[in-house]
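Hi there,

Have a look at it first, and then see whether you read it as I do.

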Amino acid sequence: MTEVRPDEHIEDKSLGELVALASGNVSRLVRSEMELAKLELKGDIKKAALGGTLFAVAGVIACVVVILLSIAAAYALIDLGIWRWAAFLIVSLAYVLLAVALCGIGYLRMRKIGGLKRTRRTTKDDLSMLRRGGGDHEQPAIAK
């Protein structure tokens, strides 16, 4: 690869040598940027893995706490004079109702998902414009 040495002047190079020099420099720059990105990603991946592990442990602890609070609620109902089986059944039914409510809300939210309508429309418009040759100067769909 052609390089400029300290004792040479860049003005003495031919056009072909200058193009080769520029492409070599761009290639080196791209490789250096890729290497830097890899190093940064490795560090970020380690941090994300540790964070994810801590979130998982916190989730397990939260599940244990919910179980303990459920047992405490059932025993509180027993102290109020409700039969043991009925107290645990009441707590269980409360969780079933909560789960049904959350599933219903989730279902209603999922039905509202549009599915990239605008992107499909603009992509279809772009493809049809390319097929026509793009002769007419329409305003882009995003600006509408």
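Before the helix packing, a word on terms: axes are lines fitted to C-alpha atoms, for helices over the stretch in contact, and angles run from 0 to 180 degrees between N-to-C directions. This is a predicted model, in which local features need pLDDT of at least 70 and side-chain atom pairs count only at pLDDT 80 or more, while totals for chains, interfaces and linings use all residues. Residues are numbered from 1 along each chain as its sequence is written, and side-chain values use heavy atoms, with hydrogens and water left out.

The chain has 3 helices and 0 strands (DSSP runs numbered from the N terminus, H or I of at least four residues for helices, E of at least two for strands). From the N terminus on, the order is α-α-α. Of the 144 residues, 8% count as buried, meaning under 20% relative accessible area, where over 50% is exposed and in between is partly exposed (1.4 Å probe, protein chains only). Among contacts (heavy atoms within 4.5 Å) with a separation of 6 or more, 14% join residues 24 or more positions apart.

Helix 1 has 65 residues and should span 96 Å at 1.5 Å a residue; its end C-alpha atoms are 93 Å apart, which agrees. The expected span is 1.5 Å times one less than the number of residues. Just after helix 1, Gly81 has a positive phi of about 105 degrees.

How do helix 1 and helix 2 pack? Their angle is about 135 degrees, and their axes are 8 Å apart. That makes helix 1 oblique to helix 2 (under 35 degrees is roughly parallel, over 145 roughly antiparallel, 65 to 115 roughly perpendicular, and the rest oblique).

The contact residues divide into 12 nonpolar, 1 polar and 1 charged (Ala, Val, Leu, Ile, Met, Phe, Trp, Tyr, Cys and Pro are nonpolar; Asp, Glu, Lys and Arg charged; the others, Gly among them, polar).

Ala86, Ala87 and Val91 are buried in helix 2, and the buried residues of that helix pack against helix 1. Ser70, in helix 1, counts as buried because its relative accessibility is 13%. Leaving out residues up to four places away in sequence, Ser70 touches Val91 and Tyr95.

Best wishes
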